[in-house]
Amino acid sequence: MIWLRIFEPFLTAKPGGEGSGLRLDIVKKIVEKPSGKIEVTSVLGQRTFIVSISIAV
């Protein structure tokens, strides 16, 4: 199942020559840099992403 590896760099479901497969890898790196977390759950036809980032007040 491809969705199990969605954060893997260069992974794409598009035909050759279309897309770089880097978007979710970049998002994950940005979110995790300040000790954040990104999670994904999947149900047939629906994906849910939860992004958690701590902020100092």
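With a relative accessibility of 65%, S35 counts as exposed (buried means under 20% relative accessible area, exposed over 50%, partly exposed in between, with a 1.4 Å probe and protein chains only). This residue lies in the loop between α1 (23-32) and β1, and its phi is near 65°, a positive value in a residue other than glycine. Most residues other than glycine have a negative phi.

The model is predicted, so that local features need pLDDT of at least 70 and side-chain atom pairs count only at pLDDT 80 or more, whereas totals for chains, interfaces and linings use all residues. Residues are numbered from 1 along each chain as its sequence is written, and side-chain values use heavy atoms, with hydrogens and water left out.

The chain contains one helix and two strands, arranged as α-β-β from the N terminus on. Helices (H or I, at least four residues) and strands (E, at least two) are DSSP runs, numbered from the N terminus. Strands β1 (residues 37-43) and β2 (residues 46-52) run antiparallel and are joined by seven bridges; two strands pair if DSSP finds at least two bridges between them. Within this pairing, K37 stands opposite S52 in β2. The two strands form a hairpin with two residues between them, and G45 in the turn has a positive phi of about 80°.

Of the 57 residues of the chain, 12% count as buried. Among contacts (heavy atoms within 4.5 Å) with a separation of 6 or more in the chain, 14% involve residues 24 or more positions apart. The chain exposes about 4,900 Å², of which carbon and sulfur atoms supply 61%; accessible areas come from the Shrake-Rupley method with a 1.4 Å probe, and for residues only the protein chains shown count as cover.
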